[in-house]
Amino acid sequence: SNQLRGLKNRLAMIIKVVDALDFEQTFITGLRGFVSSSPIVLVVTKMDLLVAPDDIEGQIKLLKWFDTRLQAKGLRVVAKFAVSGRTGEGIEELAMWCAEHHEGKDIFVVGCVNVGKSTLVNRLKEVFVQNMRFKGYSGNQRKSLLKDIEMTTSTVSGTTLRSVKIPVFRTEKKGLWDTAGLTRTDLGFGHFEKLQKKREELGREQPKVLEAQSFLLNPNEILVVGDNYAHLEILPLAPRDERSEMDGEAEFIEVKWYSALCDTIMRFKNESELEEYKEVYPRVSAENLQDLSFRNQCKNLFLEGKLCSVFPVTQMQPMLSPVNIGFYDCDIVLKGLGFFAVRSRHNLFKIRAWSAPNIKPTVRVSMPIPVARPVDGMIAVMRQKQKIESENQSADSSESVYAVSWGLIEDEE
């Protein structure tokens with residue numbers, strides 16, 4: 001936050017980086033207060049882990065969804081981009097936009113740790129070096145300097161300890177800045193040893209496409225996440241005979257679990273069956289939590305590692321979906337861990353979420369993750385087709401479709 005305060009009185013453009021897989025927890029709250037009136041560009045990284053690179057419609061739907069989340073948080077941006085530092089998708093479009101609109105401002109790339117800021121900066125630098133013109137001794141010297149600059153990418157918090165300027169513009173007074181990642185102090189998994197180890201392991205691996213675990217649930221069923229991190233419970237709101245009038249699978253509630261940290265889900269038919277495993281998956285009832293002193297005592301015991309019970313946190317009834325026509329849906333987000341996507345043809349049920357004190361469930365509008373993605377072979381075919389169409393268009397036109405002034409670096413007279 002101290003770095004952000006330094007931007008308040010600077011002529012700058014801000015690239016706000018968020019993780020597509022963990023939007024809620026990588027969103028920097030209060031950013032506008034730190035950067036004053038500086039224009040903010042939203043860049044969503046790791047989009048290739050949610051939607052295929054050639055699924056333009058899927059990307060547009062996701063960007064619209066991110067836009068609604070921005071509106072809900074009260075932040076206005078001048079542009080939005082979906083990118084992948086791993087594949088390079090969307091990087092060139094972002095660089096072109098920055099070259100055209102930075103208007104002599106420094107560009108600061110800000111975001112939480114491990115959202116891919118340094119990877120993004122390296123990719124942007126490569127595009128600028130490829131497209132800018134370098135002339136004479138000064139130009140060649142700058143080109144050599146830029147090629148040697150490489151932001152260190154690491155999954156260890158604090159790898160980028162200070163802001164680093166890369167002089168990608170004509171004047172060295174302005175540049176592209178990589179900033180230190182902001183640490184999320186409220187995401188402590190220290191007393192969940194397995195989660196902590198898994199997070200460190202994932203940090204050393206290449207990101208993978210986020211695949212969902214799918215369930216068709218009946219009312220009264222319960223899903224337990226990992227070593228009693230959280231419970232998702234389906235509570236019926238209508239008698240069995242009323243629900244049985246529905247056709248086929250319409251009675252069932254579809255639930256998908258998305259998480260890179262935890263893929264262990266236990267399923268129980270009802271609360272009575274879960275009760276048989278109360279030593280392994282203990283709960284604290286809502287009635288007991290009404291006692292404030294008892295609640296505080298439980299929280300302290302949990303933080304000390306002496307209690308592993310979950311608590312009832314939120315309860316809600318799904319609303320009619322603005323995305324999936326004819327369905328009722330919502331997402332239940334478990335802070336820093338993953339999320340449940342709940343969808344059904346009816347809303348004759350409520351969802352009750354239980355969690356450990358540091359994994360607070362929140363409810364949001366359902367994220368429009370595509371149900372299916374093109375296979376690799378189809379992607380290759382589509383890319384080749386797009387390349388041929390692009391070449392044909394270029395041959396038919398003497399004008400460039402999109403001309404960007406990247407600038408010229410040469411010896412000063």
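Residues are numbered from 1 along each chain as its sequence is written, and side-chain values use heavy atoms, with hydrogens and water left out. Because the model is predicted, local features need pLDDT of at least 70 and side-chain atom pairs count only at pLDDT 80 or more, whereas totals for chains, interfaces and linings use all residues.

The chain contains 13 helices and 19 strands, where helices (H or I, at least four residues) and strands (E, at least two) are DSSP runs numbered from the N terminus. Of its 413 residues, 45% are buried; here buried means under 20% relative accessible area, exposed means over 50%, and partly exposed lies in between, with a 1.4 Å probe and protein chains only. Among the contacts in the chain with a separation of 6 or more, 76% are made by residues 24 or more positions apart, a contact being heavy atoms within 4.5 Å.

Helix H5 (residues 91–101) has Ile91, Leu94, Ala95, Met96, Trp97, Cys98 and Ala99 as buried residues, and the buried residues of H5 pack against strands S1 (12–19), S2 (40–45), S3 (79–82) and S4 (106–111) as well as against H6. The axes of H5 and helix H6 (residues 117–131) come within 9 Å and cross at roughly 70 degrees, axes being lines fitted to C-alpha atoms, for helices over the stretch in contact, with angles running from 0 to 180 degrees between N-to-C directions. The two helices H5 and H6 are therefore roughly perpendicular, a term that covers angles of 65 to 115 degrees. At this crossing, Ile91, Glu92, Leu94, Ala95, Cys98 and Ala99 of H5 meet Leu120, Arg123, Leu124, Val127 and Phe128 of H6. After H5 comes Glu103, which has a positive phi near 50 degrees.

A nonpolar core is a set of buried Ala, Val, Leu, Ile, Met, Phe, Trp, Tyr and Cys residues joined through side-chain atoms within 4.5 Å. The largest such core has 63 residues, and those with the most contacts inside it are Ile14, Ile15, Val41, Phe66 and Leu120. The contacts of Ile15 include Val41, Cys98, Leu120 and Leu124. A second, separate core of 28 residues includes Leu232, Leu334, Ile351 and Ala356.

Five strands form an open sheet in the order S12-S9-S10-S17-S13, with antiparallel pairing; two strands pair if DSSP finds at least two bridges between them. Strands S12 (265–268) and S13 (311–316) stand at the edges with a single partner strand each, so one side of each is left without a neighbour in the sheet. From one strand to the next, the twist averages 20 degrees. Strand S9 (residues 222–225) is joined to S12 by four bridges, and Val224 has Met266 in S12 as its bridge partner.

Arg364, in strand S18 (residues 361–364), counts as buried, with a relative accessibility of 7%. Beyond residues up to four places away in sequence, Arg364 touches Glu24, Trp65, Arg69, Cys330, Asp331, Val333 and Phe339. Lys174, in the loop between strands S6 (164–166) and S7 (176–178), is partly exposed at a relative accessible area of 22%. Although Lys174 and Ala12 are 162 residues apart in sequence, their C-alpha atoms are 9.3 Å apart in space, and the contacts of Lys174 include Leu11, Gly104, Asp106 and Phe169.

Key: Angles under 35 degrees count as roughly parallel, over 145 as roughly antiparallel, 65 to 115 as roughly perpendicular and the rest as oblique.
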